[in-house]
Amino acid sequence: MEERTEREAAPKPPTITFDPTGPYTPCTANSCVPGGKPGQAGSFTLGPAAGDVNTAYRYKLSTDDSWSPYIPGATVKIAPVPPRSGLITLQVEAKDAHGPGAANSVDFAVKEGDGPVGRWNFHDAGDEAIDSSTTDPQLQDNATLAGGAARTGQGRRGEITVTPATDTTPVEKVTDSGLALDGTTGHAATAGPVVDTRASYTVAAWVRLGTDSRDATVMGQNGANRSPFLLGYEQSTKKWSFREADSDAPTGDAVSYQRVTSKNQAVPKVWTHLAGVFNSVDNTISLYVNGELQGTTPFTTAWAATGPLQIGRVQSAGMYTDYFPGVIDEVAVWQEALTEVQVKQESKLLGADGKPSAELVASWNPAQATGTSLPNNAPAYDGALSLSSGASLVDGKLVLDGRSGAGSTPGPVIDDSGSFTVTAQALVDGAAIMEKPNGYKAQILGQRTATGSSWSLWFEKTGIVQEPELDEDGELVLDENGNPVTKPVPVGRWHFGRLTADGTGTSVVSKDEAALDSEVRLTGVYDAQDGTIELYLAANPQSGGNTPYTAQVGSGEFSVGKGYLGSWGNYLPGRIGDIRIWAGALSDAGQVSDIVGT
């Protein structure tokens with residue numbers, strides 16, 4: 001068999017040349033100067049190594065999951081778009097008539113984006129919401145509260161640390177504030193425009209919609225007659241939307257809209273993060289919900305709106321309409337088109353410590369309840385937990401008989417497509433679970449979908465083992481021959497994830513078998529931005545890493561002590577205490593310990 005000649009050898013690593021006009025420059029052994037920004041394309045020329053005659057090239061950035069298609073040509077120009085700041089690696093391969101060859105790579109650094117041109121968190125007091133995007137009073141676009149607008153203690157950040165703890169002083173915290181709007185006159189508005197609506201921009205906010213019975217707008221900016229963009233809710237589809245008007249005409253008949261709507265219907269009375277993006281380079285608009293891209297559509301007729309930014313209402317045909325009923329918080333506006341990575345980062349709502357903020361939206365504590373219901377003790381949030389027969393309040397715990405005893409409240413209590421944390425103290429009655437079949441799944445907490453659970457905490461019986469029997473003093477019980485006496489004992493493990501009848505749902509399983517007849521603190525975390533779940537026992541993570549999880553949308557009741565798999569069942573024999581739910585994904589064992597406790 002003949003060996004291939006040098007001319008027939010696979011291509012050597014191709015050359016990669018940076019465009020001398022920027023925006024990026026190659027890193028060297030001693031220097032790496034950031035340039036450009038996330039979402040700004042680079043410019044590179046790919047060529048053959050000495051002696052090669054290449055026919056095509058492919059490439060990928062270190063942020064990409066896969067290679068680009070091969071681009072034909074002896075030399076080619078590419079314009080990859082880095083989605084985030086920091087160090088990025090560009091990897092390139094070439095091929096010729098005989099096949100692909102070895103890769104070459106270069107590093108370059110991407111500067112941080114320009115930052116928001118307006119940010120309002122409603123922490124302050126008075127009639128003005130301060131624009132915290134700058135400390136220069138001459139550049140601030142403060143928003144004046146008007147009509148039925150007021151601050152509320154339901155801010156999305158929950159508790160904010162003002163002063164960290166020291167060896168001699170405790171931590172000092174304050175309750176976050178949001179903008180509460182009555183849906184008829186309440187709004188906040190700047191004195192003038194915040195963004196040039198002809199250029200790329202992004203608008204984002206956390207929202208808690210009070211009712212889904214009519215259209216509601218989160219943000220717009222005045223033109224002469226209307227706003228070019230509307231970020232909000234459309235009652236006709238019951239979905240979130242980002243819309244763009246093609247002109248500033250005074251009448252509705254003369255205006256048409258391009259829109260992107262959410263994949264799922266909006267969930268009222270729960271926290272949801274929305275972001276709308278106009279990209280003037282690609283001439284597109286995009287909508288994100290809880291950091292996830294919902295869709296992108298062309299928009300080619302941008303125009304200048306030179307009036308004030310409106311929060312909680314929109315201008316249409318010269319009149320204000322679609323007032324938002326509910327709470328809006330953490331409003332931000334950028335004069336650039338954020339990338340998906342940047343929107344995800346914004347929706348994490350990180351605090352000063354770099355960890356996600358969490359707002360307590362539900363707290364049912366049997367120790368503070370009597371009768372047949374548990375009130376929601378989270379300030380200003382609704383949803384009493386109603387108890388069925390077979391459920392009773394005994395010694396500060398919710399005691400369940402394992403046959404019909406449960407608690408429930410109309411749901412959803414959180415937006416299942418967004419990040420959340422849920423916790424409860426739970427005990428499984430060993431004698432009662434002994435009577436259940438192997439494989440029995442006893443639900444602690446869960447949010448129902450049409451066919452199963454969006455998510456749930458549960459105990460699963462895996463079998464029965466023989467264990468030595470002990471007397472009252474903890475000594476082995478012996479038979480007449482001096483051999484240890486054994487007794488059958490049920491065993492099982494804790495789960496957090498999706499409970500399904502066929503067992504196909506993803507879950508994190510506790511490392512060790514559950515200690516029956518003993519109370520344990522269970523905490524489940526869903527991180528929507530990373531698409532992962534984690535289970536904590538006390539403050540100890542169980543997965544040893546992040547478990548991939550696809551969120552389902554909860555459409556029905558939140559239940560305690562029972563599960564829905566086409567019909568109600570999976571009743572828990574045991575007791576439950578201190579049930580709490582937060583909007584936001586606690587990030588690690590330390591944050592779980594600090595906020596949830598052990």
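Which residues does Arg 493 touch, not counting residues up to four places away in sequence?

Guide: This is a predicted model, in which local features need pLDDT of at least 70 and side-chain atom pairs count only at pLDDT 80 or more, while totals for chains, interfaces and linings use all residues. Residues are numbered from 1 along each chain as its sequence is written, and side-chain values use heavy atoms, with hydrogens and water left out.

Leaving out residues up to four places away in sequence, Arg 493 touches Trp 458, Phe 459 and Glu 460, together with Val 509, Ser 510, Lys 511, Asp 512, Glu 513 and Ala 514, where contact means heavy atoms within 4.5 Å. Trp 458 and Arg 493 are 35 residues apart in sequence, and their C-alpha atoms are 8.5 Å apart in space. Arg 493 itself is found in strand β37 and counts as partly exposed, at 26% relative accessibility; the scale calls a residue buried under 20% relative accessible area, exposed over 50% and partly exposed in between, with a 1.4 Å probe and protein chains only.

Helices (H or I, at least four residues) and strands (E, at least two) are DSSP runs numbered from the N terminus, and two strands pair if DSSP finds at least two bridges between them. Strands of a sheet pair through backbone hydrogen bonds, either parallel or antiparallel. β36 and β37 pair in the antiparallel sense over 12 bridges, with Val 489 of β37 as the bridge partner of Val 465 and with Ile 464 standing opposite Pro 490 of β37. β37 is also joined to strand β38, residues 507–509, by three bridges, and these two strands likewise run antiparallel; here Phe 496 has Val 508 of β38 as its bridge partner.

β36 is also joined to strand β35, residues 441–448, by seven bridges, again in the antiparallel sense. β35 and β36 form a hairpin with four residues between them, and Leu 457 in β36 is the bridge partner of Leu 445. In the loop between β36 (453–468) and β37 (486–497) sits Leu 478, which is partly exposed with a relative accessible area of 48%.

Just after α1, Leu 349 takes a positive phi of about 55°.

Leaving aside its neighbours within four places in sequence, Ser 363 is in contact with Pro 375, Asn 376, Asn 377, Ala 378, Ile 579 and Arg 580.

A search of the whole structure finds one disulfide, a term that stands for a pair of cysteine sulfur atoms within 2.5 Å. This disulfide joins Cys 27 to Cys 32, with an S to S distance of 1.7 Å; Cys 27 is partly exposed at 22% relative accessibility, and Cys 32 is also partly exposed, at 33%.

As for the protein as a whole, there are three helices and 46 strands, and the C-alpha atoms fill a box of roughly 90 × 85 × 55 Å, taken along the principal axes. Of the 598 residues, 50% count as buried. Among contacts between residues at least 6 apart in sequence, 67% join residues at least 24 apart, and the pairing of Arg 493 with Trp 458, which are 35 residues apart in sequence, can be read against that background.
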